[in-house]
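User: I would like to learn how to read a structure. Can you take me through it step by step?

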Amino acid sequence: MATLFLTCGLPAAGKTTWARELQQEHRAVRFTVDEWLHELYPTLTPEHADEARDRVERVQWRQALETLAAGVDVVLDWGLWTRRQRDRYRSQAKQAGARVVLCVLDPPMRVLLGRLSGRNANLGPGRFPVSDDELTQWERRFDRPSADEAVLFDDVRRRA
């Protein structure tokens, strides 16, 4: 049975770092939306990223389901800020016969803000700049997984 690893967290939480570790450890296929955005749309600006992000996520999700059906583990490195999103991908993966592990990265805001300055100073392919104000606004919209949600997954792993 293949496993879908869902990463959940805000920018600078360490999602891609953990996703790369999972990819190596489980010989999984990793789907990181920002990397594809930069490859497919090299001149894309953050103001126009949402529409492109939706398209890339749809393609990545189709590929992820095909990969799981082939018996290969998948790491979905997206963020998944809402329970609705997490429920959707968990449910569809379960219907495809996959095991689903939720990987929650939720360091304190002061840690995120500290990491953010370093991240913004070293933007490489697959990374957009994020301001402190944007991160603060997004933190208010982040629907942290609750204990009742966690029981719906085969496993929940947490990092701060």
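User: Which residue just after α3 takes a positive phi?

Analyst: Gly71 does, with a phi of about 85 degrees. Helices here are DSSP runs (H or I, at least four residues), strands are runs of E of at least two, and both are numbered from the N terminus. This is a predicted model: local features need pLDDT of at least 70, side-chain atom pairs count only at pLDDT 80 or more, and totals for chains, interfaces and linings use all residues. Residues are numbered from 1 along each chain as its sequence is written, and side-chain values use heavy atoms, without hydrogens and water.

User: What span should the 21 residues of α3 have?

Analyst: The expected span is 1.5 Å times one less than the number of residues. For α3 that gives 30 Å, and its end C-alpha atoms are 30 Å apart, so the two agree.

User: Which residues of α3 are buried?

Analyst: Buried means under 20% relative accessible area, with a 1.4 Å probe and protein chains only; exposed is over 50%, partly exposed in between. In α3 the buried residues include Val56, Trp61 and Leu68.

User: How many disulfides does the structure hold?

Analyst: A disulfide is a covalent bond between the sulfur atoms of two cysteines. The cut-off used is a pair of cysteine sulfur atoms within 2.5 Å. The structure holds zero. Cys8 is in none; its nearest cysteine sulfur, that of Cys103, is 9.6 Å away.

User: Is Cys8 buried or exposed?

Analyst: Cys8 counts as buried, because its relative accessibility is 0%. Cys103 is buried, with a relative accessible area of 0%.
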